[in-house]
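Reader: I'm new to this one. Could you show me the structure and then walk me through how to read it?

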Amino acid sequence: DISKEYENKIIEFIKSQIDDIDIILLSDYAKGVLTQTLTQTIIDLANQKNKKLIIDPKNNFYKYQNAYMIKPNKKELSVATGIKINSQEDLLKAGWALKEELNLEYLLVTLSEDGMALFGEEFIQIPTLAREVYDVTGAGDTVLASLGYFLAKNDNLSDAMHFANAAAAVVVGKVGSAVVTIDEILHYEKNIDNSVEH
């Protein structure tokens, strides 16, 4: 784990910058940086300043309590709740339970080939857009980054989900840890729209 001194430096830095921040993204790789104290302090600051905070979680889900949104995958949701997810009913049960237990504004669950599901004021599920999957490396990070990018500019969460879904579709069509550009995402969305129309 990081030292208390370094943790305090991170907190002071975030406090000094938070008024100029549009959105906060945390990707937890369970390497010891996002401690319980640091994570909860960032969440508290974000909530006080009314800043959206999206977290890609790892384990110890309790350190994410009161966050704007966390974005686990289906396996992580299953581990966090102890519910085996083999059906839509299981997904709904686990998703609503975790959202309530952690007092989240939103829970977004990535479902691999089944798209993604949002638990908020209501339940929304969208199918995957990926036509060819070569490598899933970095798909979760891509979803996190593209959600953040979109929500920093626009409050429409449904549109943000579709944008992130298209970004993930682009990245899994590449080999290795790849970069996705805005133009690629928009091009992919346009091609999907055209193929649906015909």
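**Reading the sheet and the salt bridges**

Author: Let's start with two strands: β5 (residues 116-119) and β6 pair in the antiparallel sense over 4 bridges. Two strands pair if DSSP finds at least two bridges between them. Strands themselves are DSSP runs of E with at least two residues, helices are runs of H or I with at least four, and both are numbered from the N terminus. Within this pairing, A117 stands opposite Q125 in β6.

Reader: Before we go on, where do these values come from?

Author: This is a predicted model, where local features need pLDDT of at least 70, side-chain atom pairs count only at pLDDT 80 or more, and totals for chains, interfaces and linings use all residues. Residues are numbered from 1 along each chain as its sequence is written, and side-chain values use heavy atoms, with hydrogens and water left out.

Reader: Got it. In what order do the strands form the open sheet?

Author: The 6 strands run β1-β2-β3-β4-β5-β6, with mixed pairing. At the edges you'll find β1 and β6 (123-126), each pairing on one side only.

Reader: How many salt bridges does a search of the whole structure find?

Author: A salt bridge is a side-chain nitrogen of Lys or Arg within 4 Å of a carboxyl oxygen of Asp or Glu. The search turns up 7 of them. One of them joins K4 and E7, whose closest N and O atoms are 2.8 Å apart. K4 and E7 are separated by about one helical turn because they sit 3 residues apart in helix α1 (residues 4-17).

Reader: And are K4 and E7 buried or exposed?

Author: Buried means under 20% relative accessible area, exposed over 50%, and partly exposed in between (1.4 Å probe, protein chains only). K4 is exposed at 51%, while E7 is buried at 4%.

Reader: Which residue forms a salt bridge with K49?

Author: That's D19, with 3.2 Å between the closest N and O atoms. K49 is in the loop between α2 (36-48) and β2 (52-56), and D19 is in the loop between α1 and β1 (23-27), so the pair ties together parts 30 residues apart in sequence. K49 is partly exposed at 39%, and D19 is exposed at 53%.

Reader: What about K71 and D56?

Author: Their side chains meet in a salt bridge at 3.4 Å, N to O. This pair links distant parts of the chain, 15 residues apart: K71 is in the loop between β3 (69-70) and α3 (74-81), and D56 is in strand β2. K71 is buried at 2% relative accessibility, and D56 is buried at 10%.
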